[in-house]
Amino acid sequence: MSGGMMVRVVAYFGFTASRSSDDGRERHITTAISPTYAKQILQLQEAGATDEELHPVVAEAITESYFTDWGAHAHGLSADFQHIRTIEFEF
């Protein structure tokens, strides 16, 4: 996926998926996110959402694009998104 919204995040990520897990660690991730999540994020920001209220949506967006490669891998994976140091959005 190209164009659209990109998210840059430095945060602690751990994972759970069916029959496996990955110990958490801090990661520096830059990835494009789907227009669906970009729209949700922009709507939440316009409605005055706090950073903490954005975190679950950002975690889902990163899980979809970065960790499951748009659903091609790791079906059922859920990213544990904590200790967020930075989040930046760009188009």
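**Exercise 1. Determine the extent of helix α1 and identify which face of α1 is buried.**

Step 1. Helix α1 covers residues 35-46, 12 residues in all, and spans 16 Å from its first C-alpha to its last, close to the 16 Å expected at 1.5 Å a residue. The expected span is 1.5 Å times one less than the number of residues. Helices (H or I, at least four residues) and strands (E, at least two) are DSSP runs, numbered from the N terminus.

The model is predicted: local features need pLDDT of at least 70 and side-chain atom pairs count only at pLDDT 80 or more, whereas totals for chains, interfaces and linings use all residues. Residues are numbered from 1 along each chain as its sequence is written, and side-chain values use heavy atoms, with hydrogens and water left out.

Step 2. Tyr-37, Ala-38 and Ile-41 are the buried residues of α1. Buried means under 20% relative accessible area, exposed over 50%, and partly exposed in between (1.4 Å probe, protein chains only).

Step 3. Viewed down the axis of α1, these buried residues fall within an arc of 105°, so they line one face of the helix. The arc is that of the directions from the helix axis to the C-beta atoms.

Step 4. The face of α1 turned away from the buried side carries the exposed residues Pro-35, Thr-36, Lys-39 and Glu-46.

Step 5. The buried residues of α1 pack against α2 (51-67) and β3 (78-90), contact being heavy atoms within 4.5 Å.

**Exercise 2. State where confidence is lowest and where it is highest in the protein chain.**

Step 1. The protein chain averages a pLDDT of 84, and 85% of the residues score at least 70; pLDDT is the predictor's confidence in each residue, from 0 to 100.

Step 2. Strand β2 (residues 20-32) has the lowest confidence, at a mean of 80, and α1 the highest, at 96.

**Exercise 3. Classify the ring pairs of Phe-13 with Phe-81 and of Tyr-66 with Phe-67.**

Step 1. Rings of Phe, Tyr and Trp (its six-membered ring) pair if their centres lie within 6.5 Å; planes under 30 degrees apart count as stacked, over 60 as edge-to-face and the rest as tilted. By this rule the count comes to 3 aromatic pairs.

Step 2. For Phe-13 and Phe-81, the centres are 5.2 Å apart and the planes at 45°, so the pair is tilted. Phe-13 lies in strand β1 (residues 6-17) and Phe-81 in strand β3, so the pair ties together parts that are 68 residues apart in sequence. Both Phe-13 and Phe-81 are buried.

Step 3. For Tyr-66 and Phe-67, the centres are 4.8 Å apart and the planes at 85°, so the pair is edge-to-face. Tyr-66 counts as partly exposed at 39% relative accessibility, whereas Phe-67 counts as buried at 16%.

Step 4. Ring pairs link Phe-13, Tyr-66, Phe-67 and Phe-81 into a cluster.
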